[in-house]
Amino acid sequence: MLLSLCALLLAPTRLLLALRRLVARLGVAVAAVAAGVAYGLWGLWVLLRRGPRRTFWWRVRERPPPGLADDAFGEHRYLRLKDSGLRLHYVTRGPTTAPLMLLLHGFPQNWFCWRHLLREFSTHYRVVALDLRGYGASEKPPGRDSYRLEVLLDDVREVIEALATPTGPAPANGDATAVASPKCVLVGHDWGGLLAWELAATHPALVEKLVVMDAPHRGVMAGFTARHPSQLLRSSYIFLFQLPWLPELLLSLADFELVKTILTGPWTGIQNPTRRLTEEEVDTYIYGLSQPGGLSPPIHYYRNIFR
């Protein structure tokens with residue numbers, strides 16, 4: 001009797017929550033369609049400007065650009081994760097006994113975006129610039145489910161546990177075999193920043209210091225967007241990436257013209273003219289995306305963001 005009464009009292013709340021979820025899903029669907037139309041018009045403009053042949057042509061980069069695969073910025077290594085068996089690529093510089101500084105890149109980049117920091121901080125830290133799963137020379141498992149947030153966080157956790165040097169006193173529990181937990185300075189940009197926020201919240205014992213760039217916490221993003229509707233326009237690509245196959249098509253048009261615009265455009269690129277990316281540096285990011293199946297894994301990150 002009591003359980004039935006409780007269920008009856010909770011029914012309105014459950015109904016409101018279900019309605020809220022439905023409205024949210026409809027909102028995302030409408031925004032995705034709107035973004036698809038807007039970016040589709042951009043694709044049509046490219047078609048009219050360049051013609052069919054140049055629009056639907058893109059080339060697979062056969063060889064990695066200089067600097068991407070050599071040891072100019074650090075030593076290239078691979079780590080086989082214990083839980084998933086996935087092999088991740090990373091570039092490291094600095095003493096192996098020094099504190100770990102782990103660098104997590106964003107979209108559509110790879111470890112190369114941290115090349116200057118690898119040199120800058122390697123005198124005091126063991127700096128590790130990771131290729132997240134699906135990027136660069138790391139393995140790219142198929143399917144959207146392989147890029148769920150909890151899976152990505154497990155990757156980062158395992159990397160820290162495998163590469164970080166234990167710091168601090170050992171647990172005072174009388175266990176002579178107990179050791180201090182590994183810690184790192186965790187640095188993230190864009191998607192790497194989102195992962196850094198989440199890892200610091202779920203595994204605080206692994207993070208000594210946290211540095212996040214261009215990645216607001218998920219808990220404040222919805223409220224900020226509600227107060228600043230213009231943010232919806234700036235984040236329109238997120239809704240575009242909810243659609244099947246269309247984002248891959250649009251990003252590859254005219255030999256990845258949209259990716260080049262994201263990296264070097266007047267609004268989204270580096271503003272300082274003396275520090276803007278060269279064509280060779282832009283190719284370090286396009287190289288991995290141009291490989292067969294190279295575009296879908298980074299986009300799958302976004303396809304899981306509302307789940």
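The legends below describe close-up views of a predicted model. Local features need pLDDT of at least 70 and side-chain atom pairs count only at pLDDT 80 or more, while totals for chains, interfaces and linings use all residues. Residues are numbered from 1 along each chain as its sequence is written, and side-chain values use heavy atoms, with hydrogens and water left out.

**View 1. The annotated span, residues 28-48**. An unreviewed UniProt entry lists these residues as "transmembrane region"; such annotations may be inferred rather than shown by experiment. In the model the span is 100% helix and 0% strand, and its end C-alpha atoms lie 30 Å apart. Helices (H or I, at least four residues) and strands (E, at least two) are DSSP runs, numbered from the N terminus.

**View 2. The largest nonpolar core.** This core has 74 residues, and Leu102 and Leu195 have the most contacts inside it. A nonpolar core is a set of buried Ala, Val, Leu, Ile, Met, Phe, Trp, Tyr and Cys residues joined through side-chain atoms within 4.5 Å; buried means under 20% relative accessible area, exposed over 50%, partly exposed in between (1.4 Å probe, protein chains only). Helix α9 (residues 246-264) gives the largest share, 9 residues. The core lies between domain 1 (22-61 + 230-303) and domain 2 (72-167 + 179-213), because both give residues to it. The domain bounds come from an automatic or database assignment.

**View 3. Leucine 195 and helix α4.** Not counting residues up to four places away in sequence, leucine 195 touches Leu104, Leu132, Leu149, Leu152, Leu153 and Val156 (contact: heavy atoms within 4.5 Å). Helix α4 spans residues 149-163, and 11 of its 15 residues are buried. Among them are Leu149, Leu152, Leu153 and Val156, but also Asp155, Arg157 and Glu158.

**View 4. Strand β5 and its neighbours.** All 6 of the 6 residues of β5 (residues 184-189) are buried, so the strand is largely enclosed by the rest of the structure. Cys184, Leu186 and Gly188 point one way, and Val185, Val187 and His189 the other way. β5 pairs in the parallel sense with strand β3 (residues 100-104) over 5 bridges and with strand β6 (residues 207-213) over 6 bridges; two strands pair if DSSP finds at least two bridges between them. Glycine 188 stands opposite leucine 104, and valine 187 has valine 211 as its bridge partner.

**View 5. Helix α5 and its cover.** The buried residues of α5 include Trp191, Leu194, Leu195 and Glu198. β3, α4, β5, β6, α6 (218-227) and α11 (296-303) are included in what covers the buried residues of α5.

How values were computed:
Expected span 1.5 Å × (residues − 1).
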